[in-house]
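Student: I have a new model open and I'd like to learn how to read it. Could you walk me through it?

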Amino acid sequence: DEDARAVLDRRLSELRQKIRQRPMVSVTWFVPDERKEGGAYTTDSGRVKKLEESGRFLILEGGVRIPLEDILSLSGAFLEETIL
């Protein structure tokens, strides 16, 4: 859905602006099944370590690497000041 993608893009933009603060986030994303076609959605929460633009990954402290194109939703207290 284009509207959902626009909201996610705005949230990622806000995250880029606050990345140095290492905000806490909750991310729902698609995890492909390693053995067969398909996969499942999962939600991970944690403090953002890095937003790797070149490789297009959101990296949480603890090492979770989330491909930006697989993110379904992104939330966190850092978004409270953002008008969506």
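Tutor: Let's go from the overall fold down to single residues.

Tutor: Before that, some ground rules: this is a predicted model, where local features need pLDDT of at least 70, side-chain atom pairs count only at pLDDT 80 or more, and totals for chains, interfaces and linings use all residues. Residues are numbered from 1 along each chain as its sequence is written, and side-chain values use heavy atoms, with hydrogens and water left out.

Student: Fine. Which elements does the protein have, and in what order do they run from the N terminus?

Tutor: Helices (H or I, at least four residues) and strands (E, at least two) are DSSP runs, numbered from the N terminus. Here you get 1 helix and 5 strands, in the order α-β-β-β-β-β. The radius of gyration is 13 Å, close to the 12 Å of the globule rule for 84 residues, so the protein is as compact as a globular protein of that length. That radius is taken over C-alpha atoms, and the rule is 2.2 Å times the number of residues to the power 0.38. The C-alpha trace spans about 40 × 30 × 25 Å along its principal axes.

Student: How much of the protein is buried?

Tutor: Buried means under 20% relative accessible area, exposed over 50%, and partly exposed in between (1.4 Å probe, protein chains only). By that rule, buried residues make up 30% of the 84.

Student: And what about contacts in the protein between residues 24 or more positions apart?

Tutor: Contact means heavy atoms within 4.5 Å. Of the contacts with a separation of 6 or more, 50% join residues 24 or more positions apart.

Student: Which residues in the largest nonpolar core touch the most other members?

Tutor: A nonpolar core is a set of buried Ala, Val, Leu, Ile, Met, Phe, Trp, Tyr and Cys residues joined through side-chain atoms within 4.5 Å. The largest one here has 16 residues, and those touching the most other members are Leu15, Val25, Val27, Leu58, Ile66, Ile71 and Leu74. Two or more residues each come from helix H1 (2-17) and strands S1 (24-32), S2 (39-52), S3 (57-60) and S5. Take Ile71: beyond four places in sequence, its partners are Arg5, Leu8, Val27, Thr28, Trp29, Leu58 and Ile66.

Student: Is Pro67 buried or exposed?

Tutor: Pro67 is buried, at 14% relative accessible area. You'll find Pro67 in strand S4 (residues 65-67), and outside four places in sequence it touches Trp29, Arg56 and Phe57.
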